[in-house]
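Here are a few friendly notes to read alongside the model. Please keep the sequence at hand as you go through the points.

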Amino acid sequence: MHHLIPLPAFQDNYLWLLHDGRDAIVVDPGDAQPVLRFLQQHQLDLKAVLLTHHHADHCGGVPELRAATGAAVHAPAAEALPAAVGPVLALDDGERIELLGIGFELIAVPGHTAGHGAYYAARAPGGPLLFCGDTLFSAGCGRLFEGTPAQMLASLDRLAALPAATRVCCAHEYTLSNLHFAQAVEPGNADIGRHLERCTRLRQQGLPTLPSSIDLERRINPFLRSRLPPVVATLAQQDPLAADEVARFAALREWKNGFR
Ligand SMILES: [Zn+2]
Ligand SMILES: [Zn+2]
């Protein structure tokens with residue numbers, strides 16, 4: 001029996017922790033304290049840290065966690081990490097590791113950062129599992145700090161092609177504001193309205209809207225839907241010069257950057 005826990009941190013981060021009642025792994029621990037508290041409360045042994053990218057809210061807690069637990073730290077080989085993170089076990093695109101008896105594959109998803117990676121477990125108990133950092137959010141995607149729109153579109157295409165039942169563990173609780181943007185992009189999409197109602201109730205109760213699923217994201221996420229006719233039509237009004245799918249995706253990301 002595995003347990004999947006989103007530990008809240010900072011304003012809106014989730015530090016995803018997976019454990020089997022004895023051993024644990026954690027993804028993107030920007031802060032060590034919530035992780036150490038949880039490990040102590042549940043008497044868990046931290047075996048490994050998985051990093052998706054170099055931003056401080058994702059790897060800032062690594063030195064303290066490493067000192068306290070001796071956990072191994074895995075990271076995408078293509079990502080340049082701060083020196084303070086220390087030595088990591090670098091994973092190339094498609095490389096696999098086994099943690100808690102589960103196989104994880106590194107999927108290279110450049111765009112938000114140059115070497116951003118996601119971790120995918122096809123045969124995790126309870127169904128396929130994806131830790132996607134700041135690449136895919138529910139109803140949204142990460143900002144393009146280091147990569148190009150073409151890279152991000154290709155990265156999201158890879159994630160969207162995973163099995164429909166894949167549980168999607170995003171690193172931030174951005175769902176409500178993303179859904180407001182999604183509604184502006186696709187006013188006629190009833191799935192978006194229904195999910196907005198559901199997530200509004202969850203947030204009123206202080207509950208996470210995550211994990212999402214690949215199936216749900218294909219239905220509500222404008223960044224996975226930028227080639228569909230209603231979205232293409234809306235983007236043609238936003239940016240009449242956007243002539244191909246990459247330019248339209250770039251126009252969509254630009255629109256979101258300024259959306260309030
Ligand atoms: Zn980031
Ligand atoms: Zn982040």
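Predicted model: local features only at pLDDT ≥ 70, side-chain atom pairs only at ≥ 80, totals over all residues.

1. The residues of α9 that are buried are Arg248, Phe249, Ala251, Leu252, Arg253, Trp255 and Lys256.

2. Next, the length of this helix. Helix α9 has 13 residues (245-257), which at 1.5 Å a residue should span 18 Å; the C-alpha atoms at its ends are 18 Å apart, so the two agree. At the start of α9, Asp244 places a side-chain oxygen within 3.2 Å of the backbone nitrogen of Val246.

3. Now to the metal site. Which residues are the protein donors of the zinc ion (ligand 1)? They are His53 (NE2), His55 (ND1), His112 (NE2) and Asp134 (OD), at 2.1 to 2.3 Å from the ion. Along the sequence, their spacing is H-x1-H-x56-H-x21-D. His53 and His55 are both buried.

4. The 4 donor atoms around the zinc ion (ligand 1) subtend angles of 92 to 167 degrees, so the arrangement is irregular. The zinc ion (ligand 2) lies 3.5 Å from the zinc ion (ligand 1), and Asp134 coordinates both.

5. Finally, please look at His58, in helix α2 (residues 56-59). His58 counts as buried because its relative accessibility is 0%. Its side chain makes a polar contact with that of Asp57 (3.2 Å). Beyond its neighbours within four places in sequence, His58 is in contact with residues including His53, Asp134 and His172.

Technical notes
Residues numbered from 1 in each chain as written. Chains lettered and ligands numbered in written order. Heavy atoms only, no water. Donors = N, O, S within 2.8 Å, 3.2 Å for Na, K, Ca; no water. Tetrahedral: all angles 85-135°; square planar, octahedral: opposite > 155°, others 65-115°. Buried < 20%, exposed > 50% of the residue type's maximum accessible area, 1.4 Å probe, protein only. Helix = DSSP H or I, 4+ residues; strand = E, 2+ residues; numbered from the N terminus. Expected span 1.5 Å × (residues − 1). Polar contact = N/O pair within 3.5 Å; in protein donor to acceptor, adjacent residues only side chain to side chain. Contact = heavy atoms within 4.5 Å.
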